[in-house]
Amino acid sequence: MSHIIALDAGHGLKTAGKQTPTGIKEWEITDGVRDKIVNYLNDYDVSFIFPDNNEGNVDESLTSRRTMYVNANATVAVSLHANANKGTWGKHTGVEVYVDKNCTADDLALATLIHNKLVAYMGLKGRGVKKANFTVINQNKVTAVLVEGGFMDGKKDHKVITSEQGQLGYAKAVAEGLIEFLGLVKKPTKSIDQLAQEVIDGEHGVGQARKNALGSLYNAVQSVVNRLLTGKPSTPTTSYYPACSSKYTSIVDALKSLGIDSSFENRKKIAAKNNIPDYTGRASENKRMLDRLKVGKLKK
């Protein structure tokens with residue numbers, strides 16, 4: 001049985017206050033986690049809908065997100081978030097999963113599975129499964145949970161949730177929770193990729209150029225199919241600069257240390273890719289880029 005899974009990447013890029021003290025937006029974190037969940041589940045018989053805006057530029061209302069996955073007859077819905085206390089650094093830490101105050105037994109079962117796996121895979125304190133009247137999960141037609149995967153303004157948690165390893169742990173916890181809850185099984189061993197390759201390899205009497213052309217055509221078609229089914233490519237295309245040493249206090253020096261063009265024009269291009277529009281070289285703008293570079297989260 002094929003299942004429809006709704007994965008909602010929290011708040012949009014323009015939602016006030018939803019960011020780390022260093023300026024990394026919550027959506028940047030949860031969108032990356034969401035892509036990794038999709039990759040974890042690629043081998044299973046599931047499809048996805050994304051109730052939030054795919055580029056994060058529009059903060060879809062909570063009601064519209066809920067309506068979208070309910071109308072799509074989703075089997076389950078998971079709203080992905082990163083927690084925050086007051087927006088300033090502190091010792092607050094931990095993961096928690098919410099269900100509606102009028103929750104179902106299935107809501108609680110899925111929330112418990114994901115919570116326990118978050119603790120195991122992210123190495124953060126478990127704050128438990130909690131109940132709240134959050135609009136995005138406030139209905140009883142679709143099994144729904146809201147996940148808070150660590151504090152953006154917690155010194156310990158920030159290092160985890162902005163790291164590749166931490167986000168993989170977050171994604172693995174949600175993916176495995178869904179696999180166990182839904183009883184998912186992997187697709188047949190002979191995938192569509194293998195079948196297509198057999199067709200390509202079975203072309204007799206044609207040159208390698210012909211085989212290459214057929215292979216390229218298949219890849220192009222598969223990419224379109226993935227985008228139509230999920231709203232996104234199956235493989236994330238975002239890439240990041242390697243992390244620089246924490247000793248640097250200047251974005252120019254930090255970029256130079258990695259052999260990256262540190263000119264104003266190139267910094268302006270980098271800023272635009274990291275949701276810092278109309279870059280002018282202000283100290284606050286440079287600090288945001290430097291903080292991201294130090295943790296390997298500055299987009300190329």
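Let me start with a question: is lysine 117 buried or exposed? Lysine 117 is buried, with a relative accessible area of 17%. The cut-off for buried is under 20%, so please keep that in mind for the rest of the talk.

Before going on, note that this is a predicted model.

First, the overall picture. The protein chain has 300 residues, and buried residues make up 47% of them. Its secondary structure comes to 10 helices and six strands. If you take the contacts with a separation of 6 or more, residues 24 or more positions apart account for 75% of them. The chain exposes about 14,700 Å², and carbon and sulfur atoms supply 52% of that area.

Now the salt bridges. How many does the structure hold? The count is 11, and I will pick out some of them.

One is between the side chains of glutamate 28 and arginine 292, at 3.4 Å from N to O. Glutamate 28 belongs to helix H1, residues 26-40, and arginine 292 to helix H10, residues 283-294, so this pair ties together parts that are 264 residues apart in sequence. Both glutamate 28 and arginine 292 are buried.

Back to lysine 117, then. Its side chain meets that of glutamate 176 in a salt bridge, with an N to O distance of 3.9 Å. Lysine 117 is in helix H3, residues 105-122, and glutamate 176 is in helix H5, residues 164-182, so the parts tied together here are 59 residues apart in sequence. Glutamate 176 is partly exposed, with a relative accessible area of 24%, whereas lysine 117 is buried, as I said.

A further salt bridge joins the side chains of arginine 282 and glutamate 285, at 3.0 Å from N to O. Arginine 282 is partly exposed, at 48% relative accessible area, while glutamate 285 counts as buried at 4%. There is also a network: Asp31, Arg34 and Asp52 are joined into one by salt bridges that share partners.

A word on helix H1, the helix of glutamate 28. H1 has 15 residues and reaches 21 Å from its first C-alpha to its last, close to the 21 Å expected at 1.5 Å a residue. Of those 15 residues, 13 are buried, so H1 is largely enclosed by the rest of the structure.

Next, glutamate 148. This residue is found in strand S6, residues 143-151, and is buried, with a relative accessible area of 11%.

Last item: a backbone angle. Most residues other than glycine have a negative phi. Asparagine 73 is not a glycine, yet has a positive phi of about 55°. Where does asparagine 73 lie? Asparagine 73 is in the loop between helix H2, 62-71, and strand S3, 76-83. This asparagine is exposed, with a relative accessible area of 53%.

That is what I have for today.

Technical notes. Residues numbered from 1 in each chain as written. Predicted model: local features only at pLDDT ≥ 70, side-chain atom pairs only at ≥ 80, totals over all residues. Heavy atoms only, no water. Salt bridge = Lys/Arg side-chain N within 4 Å of Asp/Glu carboxyl O. Helix = DSSP H or I, 4+ residues; strand = E, 2+ residues; numbered from the N terminus. Buried < 20%, exposed > 50% of the residue type's maximum accessible area, 1.4 Å probe, protein only. Contact = heavy atoms within 4.5 Å. Areas by Shrake-Rupley, 256 points an atom, 1.4 Å probe, with all protein chains shown as cover. Expected span 1.5 Å × (residues − 1).
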